[in-house]
Amino acid sequence: MPVVPMQQILKHAFDNRYGVGAFNIVDWVTMDAVLYAAAETKSPVIVQVSVKTVKVMGARLIRVMFEEMAGRVPVPATLHLDHCPDRKVIEECVAAGWNSVLFDASKLTYEDNMAQTKEVVQFAHQHGVAVEGELEAVKGVEDGIGDEYGGAVVALDKAVAFIRETGIDSFAPAIGTAHGLYKGKPKINYQRVSEIMEAAPVPLVVHGGTGLSEETFHELIRRGTPKINISTQLKITLADSYRTYLEEHPTEYDPLKLLGAVKKKLVAQVESFMRIFGSEGHAA
Ligand SMILES: [Zn+2]
């Protein structure tokens, strides 16, 4: 299927209250595995890429590879740039034909974030590119927040004004989730999701999806978070599957067999998330 706009995937999932995984890829094998899992489960999918990976591979190569690989699977797929504070990188990705970007200006003051996000939205929308906005930095568990209440730091009315005035297509709120691995049970601020839904119903994004329970995913999706980011778990599966294969096959030197074994593990992992999120069978 040809690549589809992020807005189309978000709207269908938001209206029908299911979640779409945004899976961070780092190379050909991971991109192939994510798209293959989507085809197997007939699920729409978001292929997500970090700025670090863009710096290694280049925005154009990733886009060309994505277009070719997404074209081979019969499901809607879209290409998204994860946390990007650098407007030059955003411009590169937009110029290369990406579908969506997260402009992460959460380190700026509220006023500067608002002003710059407005500009990025205006620029991106001229090219049909969606923008995810972020006000409060999503914590990493290493910041000591992941197993505690990582609640909102910006007053609700300011968050709502940010969503409305910038014109962002989706919003990543601070709701107690964190990047990395949780040390304890995260305390999720479900109320914040419902409050934002009531005041400014825009699709919300869950960062730090790795390690959340099925119940947590279901409750968040029900309240209004159609985009769910999964990165850490894929990194773990990727590294572990290379390690296991090489340990179990010390005299095997066929790289395609190694990569095939790695892909198989990644596919199983991604498919299980798609089933939990309820995106299975939604590829139209
Ligand atoms: Zn994130």
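**Exercise 1.** Decide whether Ala 130 is buried or exposed.

Solution. Count the other C-beta atoms within 10 Å of Ala 130: there are 24. A residue is buried with 20 or more such atoms, exposed with 12 or fewer, and partly exposed in between, with C-beta atoms placed from the backbone. Ala 130 is therefore buried.

The structure is a predicted model, in which local features need pLDDT of at least 70 and side-chain atom pairs count only at pLDDT 80 or more, while totals for chains, interfaces and linings use all residues. Residues are numbered from 1 along each chain as its sequence is written.

**Exercise 2.** State which residues Ala 130 is in contact with, leaving aside neighbours within four places in sequence.

Solution. Take two residues as in contact if their C-beta atoms, placed from the backbone, lie within 7 Å. The partners of Ala 130 are then Pro 5, Met 6, Gln 7, Asn 99, Ser 100 and Asp 169. Leu 156 lies 26 residues from Ala 130 in sequence and 23 Å away in space, C-alpha to C-alpha.

**Exercise 3.** Find which members of the largest nonpolar core touch the most other members.

Solution. Such a core is a set of buried Ala, Val, Leu, Ile, Met, Phe, Trp, Tyr and Cys residues joined through C-beta atoms within 7 Å. Beyond four places in sequence, Leu 81 is in contact with Val 49, Val 54, Ile 90, Cys 93, Trp 98, Val 101 and Leu 102.

**Exercise 4.** Work out what share of the protein chain is buried.

Solution. Of its 284 residues, 44% count as buried.
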